[in-house]
Amino acid sequence: MKKAMLSLLVILAIIQQSQAQDISEWKVVTVVESIVPAGIGRSRMIENMTEINTEDFRTSRTNGTKSNQGSVRRQDIKVDEFDETKLLNFFSIGGINFQNVASNDAMIGARIMELMGEGWDLRFVTSGVESDAGAEDGQGIFITRMFFSRTAQ
């Protein structure tokens, strides 16, 4: 019985290892939802469509202080090709608009289902908020990043 259990564990470990090595593509989908009062903010779902070589924008420090970061221009990092899906803002004149929240949920869920139909697996989700800090602020966003992976097509 012990040999059978050990054999099963070894087989499962080999299968899991081979599946982990099959991941060759990653996609990040970012959802930015405005929490600016009166609905004047902009909310979008963003997907990059450009292949990037990070080596082109990476620099190294040799002693902890010397850096050639000045050789990398921020404007060169910006991509021109991305998908942008319009979403609704969380707030309207009367405050939080739950219909807008539900509508955004429907759009985000539909996109997740489309990506899963294309072979993408949702691996991680992370979110954060920069909220309105009072009468003087008037700014705020809720951001969610979804990380997908799939095997080579």
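Some ground rules. Residues are numbered from 1 along each chain as its sequence is written, and side-chain values use heavy atoms, with hydrogens and water left out. Because the model is predicted, local features need pLDDT of at least 70 and side-chain atom pairs count only at pLDDT 80 or more, while totals for chains, interfaces and linings use all residues.

Confidence next. pLDDT is the predictor's confidence in each residue, from 0 to 100. The protein chain averages 82, and 79% of the residues score at least 70. Among the elements, helix α1, residues 2-21, has the lowest mean pLDDT at 66, and helix α3, residues 98-117, has the highest at 96. Where pLDDT is low, the predicted coordinates should not be read in detail.

Now the fold. The chain has 3 helices and 7 strands; these are DSSP runs numbered from the N terminus, with helices being H or I of at least four residues and strands E of at least two. Along the sequence the pattern is α-β-β-α-β-β-β-α-β-β. Of the 153 residues, 21% count as buried, where buried means under 20% relative accessible area, exposed over 50%, and partly exposed in between, using a 1.4 Å probe and protein chains only. A contact is heavy atoms within 4.5 Å. Among contacts between residues at least 6 apart in sequence, 65% join residues at least 24 apart.

A pocket here is an open set of points on a 1 Å grid over the protein atoms alone, where a 1.4 Å probe fits, with protein on both sides within 12 Å along at least five of seven lines; lining residues have an atom within 4 Å of a point. Of the 20 lining residues, V28, E47, N48, M49 and T50 are the closest to the centre. The elements giving two or more residues to the lining are β1 (23-34), β2 and β3 (82-87), and β1 gives the most, with 7. By type, the lining divides into 8 nonpolar, 4 polar and 8 charged residues.

S43 lies in strand β2, residues 43-48, and is buried at 1% relative accessible area. What does its side chain reach? A polar atom of the S43 side chain lies 2.7 Å from the backbone nitrogen of S34, and one lies 3.4 Å from the backbone oxygen of L88.

Last, S127, in strand β6, residues 121-130. Buried or partly exposed? S127 counts as partly exposed, at 49% relative accessibility. Leaving aside neighbours within four places, S127 is in contact with F142, I143 and T144. S127 and F142 are 15 residues apart in sequence and 7.4 Å apart in space, C-alpha to C-alpha.

Methods:
Polar contact = N/O pair within 3.5 Å; in protein donor to acceptor, adjacent residues only side chain to side chain. Nonpolar A, V, L, I, M, F, W, Y, C, P; charged D, E, K, R; others polar.
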